Amino acid sequence: MESCLSVEREHEKVANKLDVVRGSSLSRLQAVIDQVESLKERIRQAPGDSFLSTSEYDAVKDLAREARDVVAVVSNDHKDIHASISKLGRTIDKSFQTEISGLCTDGVMFGEHSLLQLRTAIVEHLFREGKMEVGQALLHEAGISLPLEHIEKFADVNRILEALGRKEVEPALEWSIVHRCELAKQDSFLEFKLRKLKFIGLVSGGHTAEALAYAKVFGQFAPHYLTEIKHLMGSFLYCHKGLENSPYVHLLDPIHWTEAADLFAQNACKLMGLPLESSLAVSLLAGCVALPQLLQLKFMMAQKQISEIWSRDELPCEVNLGWERRYHSVFTCPILRQQTSDANPPVRLLCGHTISRDAMKKLVSHSRSHLFSDRAIERLKCPYCPVEMGENDVQQISF
């Protein structure tokens, strides 16, 4: 982060200096141009004589000297700007490393399956951002096959989000009614939120009769939102005076439209089986957080002449992406004090205690050599309770 701030500071210095130099240079050059035009007009209007007068000759001489001085000043300013831009380039080179090939496993990003996943992620990101034409062009050129129904869903979502941005509630309300059953299974209050916005729009617009008739739709939401409905009904008292000068002015806060758009996007993504955030954006953010730490670790390992730290299918150090980037549970084996992975998954013992598979293997090996050496069946004892079991009684679990 400090590197980004350092580059940003240098960029601001260069941009400010460039603005100052541009303004001063243009004013100086324009002044010389105006003087040249004035002198040309003066000479043109002089009596027809093949020779310049003494005053005209002196004026041309003085103007040429002034033009040389202006060119020298502009040239010096250009040199200063060039030096500042060069300094900015050196700051960028110093703050960021462009060579990261040593951090990647060979062939990870160049296999056919990996390229297909990357292109699909880019297409879906473009669809999420509403760039439907660009996304469809890339879809065609990359030879990616997505169901037409899937693309149409993205188009509908973007159309509704644009409508909510214009404070038009009807498209989103129609969508919520069509998907009412699915939204009910998610315990979503999207429809109530949208109907609330429509009601507030009627009240704030002074449409008392329409608002009163529309209030009947809140009856179906009374069991869950009775307090909010009572609060909405109280706004009727200020229908003619205007909600702007009433205790209900908070109902006009634009944040309600932003919350409705976010809630709609969240519900729509769930129904489409997609995460709320773009996988491409999440991957980029994770890379921005992880790369500085990995580059620093690589530099330290190179100094100590330690190699082969990138050979496994896991990172050589822990990268904290924040709680908002945790998408699944993490289990640490209480025996080995190691986090489980695909190569070492968690297993459930017959008694209900959970450990890692490597720990279970160690317990089996210990039991074979000490506790049950006379038995043909490989058995183990739970390290936390007296229950004994066979190795076949252990079950692998997924969180």
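Author: Start with burial. A residue counts as buried when its relative accessible area is under 20%, and as exposed when it is over 50%. This is a predicted model.

Reader: What share of the 399 residues of the protein chain counts as buried?

Author: The buried share is 29%. The secondary structure of the chain comes to 13 helices and five strands. Now take contacts between residues at least 6 apart in sequence: 55% of them join residues at least 24 apart.

Reader: Which residues have the most contacts inside the largest nonpolar core?

Author: They are Leu 164, Leu 194, Phe 199, Phe 218 and Phe 264, in a core of 44 residues. Several helices each supply at least two residues of this core, among them helix 3 (112-128), helix 5 (148-165) and helix 8 (190-204). Helix 8 gives the largest share, eight residues.

Reader: And which residues is Phe 218 in contact with, leaving aside its neighbours within four places in sequence?

Author: Phe 218 touches Phe 192, Arg 195, Lys 196, Phe 199, Ile 229, Leu 232 and Met 233. Another core, of 13 residues, lies apart from the largest one. Its members include Cys 333, Ile 355, Ala 359 and Met 360.

Reader: How do I read a single helix?

Author: Begin with the general rule. An α-helix has 3.6 residues a turn, so residues three or four places apart point the same way. Now look at helix 3. It has 17 residues and reaches 24 Å from its first C-alpha to its last, close to the 24 Å expected at 1.5 Å a residue.

Reader: Which residues of helix 3 are buried?

Author: They are Ser 114, Thr 120, Ala 121, Val 123, Glu 124, Leu 126, Phe 127 and Arg 128. After the helix comes Gly 130, with a positive phi near 85°.

Reader: Which residues meet where helix 3 and helix 5 are in contact?

Author: From helix 3, Glu 124, Phe 127 and Arg 128 take part. They meet His 150, Ile 151, Phe 154 and Asn 158 of helix 5. By class, the contact has three nonpolar, two polar and two charged residues.

Reader: What should I look for in phi?

Author: Most residues other than glycine have a negative phi. Asp 187 is not a glycine, yet its phi is positive, about 55°. Arg 337 also has a positive phi, near 60°.

Reader: Where are Asp 187 and Arg 337 found?

Author: Asp 187 is in the loop between helix 7 (180-185) and helix 8. Arg 337 is in the loop between helix 12 (279-303) and strand 1.

Reader: Why does Asp 187 count as exposed?

Author: Its relative accessibility is 66%, and the cut-off for exposed is over 50%. Arg 337 counts as exposed too, at 62%.

How values were computed: Residues numbered from 1 in each chain as written. Predicted model: local features only at pLDDT ≥ 70, side-chain atom pairs only at ≥ 80, totals over all residues. Heavy atoms only, no water. Core = buried A, V, L, I, M, F, W, Y, C linked by side-chain atoms within 4.5 Å. Buried < 20%, exposed > 50% of the residue type's maximum accessible area, 1.4 Å probe, protein only. Helix = DSSP H or I, 4+ residues; strand = E, 2+ residues; numbered from the N terminus. Contact = heavy atoms within 4.5 Å. Expected span 1.5 Å × (residues − 1). Nonpolar A, V, L, I, M, F, W, Y, C, P; charged D, E, K, R; others polar.
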